[in-house]
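The entries follow the order in which I looked things up.

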Amino acid sequence: MSKAGASRKAVVVGCLLLAAGASYWGWQRVSGAGHPAAQQSTSQAQSGGPSAKAATVGRGAPVPVTVATAEKADFPVYLSGLGTVQGFNTVVVRSRVDGQIDQIVFKEGQIVQAGDLLAQIDPRPFQAALDQAKAKKAQDEANLANAQLDLSRSVRLGEFATKQQTDTQRSTVQQLTAQIQADEAAIANAQTQLDYATIKAPISGVTGLRQVDKGNIVNASSQTGIVTIAQIEPIAVIFTAPEERVFDINRALAARPLQVIALSTDGKTTFAEDGTLAVVNNQVDSNSGTVRLKAVFANKNHALWPGLSVQTRLLVKTLKDVVVVPNDAVQHGTAGLYAYAVDADNKAELRKLVVGPANDKNTVIERGLDPGDRVVVGGQYKVKPGSLLAFKVADNEPAPSAAPAGK
């Protein structure tokens with residue numbers, strides 16, 4: 001081959017090599033295989049660097065929740081209702097005689113005892129009537145004594161006195177004896193009227209607002225009393241219960257006294273816990289479908305006051321050794337009630353529940369949870385079955401032990 005042919009061949013080969021090199025460089029540019037950032041990312045992914053760890057944590061982060069422990073306990077079953085406080089006894093004090101009030105002794109709102117003086121009516125007319133009755137009796141007693149002497153003389157005369165005279169004297173003695181008995185009754189009546197002029201408290205209790213002032217004329221026929229006295233130790237609460245619970249209440253009341261608790265209408269303040277159910281009314285109100293009940297409270301602290309509206313809780317029965325959980329643990333779903341329990345791996349496990357009675361704090365679990373199970377009571381909206389949980393304990397309960405390693 002000539003030198004010119006060899007030179008042309010060399011030039012062609014060089015051009016082909018240059019074209020191949022340019023093509024390879026362009027492919028590397030497009031694919032980024034040689035880019036430093038890509039090389040760094042690939043290297044970190046292979047070595048488990050920060051980016052890979054962040055991605056892993058983001059996919060499996062624990063869900064923060066609050067948990068409580070299902071416990072076995074005695075659970076009181078209360079029947080709630082609304083009621084009104086009323087005085088155990090309430091008396092409108094009225095005058096039983098006519099007259100002018102000389103003095104008012106009590107103060108409004110004062111606690112009085114039975115027999116305490118409340119008011120005094122002018123006693124002079126009644127004292128005069130009493131004195132007159134006593135004088136009449138003394139007069140009749142003198143006439144009786146004289147008649148008895150005349151009868152004795154007639155008897156001693158014997159046949160010298162006619163039978164008619166003796167019988168007349170005997171009749172006179174009997175008439176005067178009967179008159180003295182009438183005088184004694186008149187004295188008793190006058191004394192009673194005089195006593196009525198002094199108005200005393202018929203029961204122990206607290207006085208209300210005064211209805212009559214000193215100097216006014218009162219009479220026995222007036223419907224306006226002087227004052228009202230309400231007995232507040234003990235005190236009564238009248239409340240209602242649904243008619244379908246009448247049988248349960250009567251059965252429980254036949255077995256034992258039933259406790260009643262009185263609270264404020266918002267349920268935040270407990271007025272008294274020492275109430276006892278005294279009466280179940282003898283008929284159900286067909287219009288409202290309820291029965292009226294009466295409870296009696298000692299009310300030593302005077303927390304209950306006549307006319308006050310209260311919320312009542314009647315202890316019907318106590319369930320022994322049942323499983324209870326906080327109300328927040330029980331969730332409502334389309335398939336029914338459920339709760340999230342925490343398994344040994346600190347993961348959420350969905351439990352379907354059958355529940356019993358509940359109060360304002362806890363619910364009885366008839367089926368679905370066992371004593372000692374940890375249940376989620378806060379943060380359920382983020383939880384799904386199998387979610388890894390990071391939890392804190394509610395109500396200062398002891399923190400649950402961590403799951404054993406390797407589980």
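Is His302 buried, exposed or partly exposed? The model is predicted, and I read the value from it. His302 has a relative accessibility of 24%. Buried would require under 20% and exposed over 50%, so His302 counts as partly exposed. I then checked its backbone: phi of His302 is near 60°, a positive value, and the residue is not a glycine. I located His302 in the loop between strand E14 (290-297) and strand E15 (309-326).

Entry on Asn346. I looked up this residue for its backbone angle as well. Asn346 is not a glycine, yet its phi is positive, at about 60°. Asn346 sits in the loop that runs between strand E17 (336-342) and strand E18 (348-352). Its relative accessible area is 16%, which is under the 20% cut-off, so I noted Asn346 as buried.

Entry on a peptide bond. I found that the bond from Glu233 to Pro234 is cis, with omega near -5°. Pro234 belongs to the loop between strand E10 (227-230) and strand E11 (235-242).

Between E5 and strand E8 (residues 205-207), which run antiparallel, I noted 2 bridges. Opposite Val112 stands Gly205 in E8.

Entry on a hairpin. Which strands does a hairpin join through 3 residues? I identified them as E19 and E20. Strand E19 (residues 354-358) and strand E20 (residues 362-367) run antiparallel and are joined by 3 bridges.

Entry on helix H5. I traced H5 over residues 163-196, which gives 34 residues. From its first C-alpha to its last, H5 reaches 50 Å, close to the 50 Å expected at 1.5 Å a residue. I then listed the buried residues of H5: Thr166, Gln169, Val173, Leu176, Ile180, Asp183, Ile187, Ala190 and Leu194. For reading such a list, I kept in mind that an α-helix has 3.6 residues a turn, so residues three or four places apart point the same way.

Methods:
Residues are numbered from 1 along each chain as its sequence is written. This is a predicted model: local features need pLDDT of at least 70, side-chain atom pairs count only at pLDDT 80 or more; totals for chains, interfaces and linings use all residues. Side-chain values use heavy atoms; hydrogens and water are left out. Two strands pair if DSSP finds at least two bridges between them. Helices (H or I, at least four residues) and strands (E, at least two) are DSSP runs, numbered from the N terminus. Buried means under 20% relative accessible area, exposed over 50%, partly exposed in between (1.4 Å probe, protein chains only). The expected span of a helix is 1.5 Å times one less than its number of residues.
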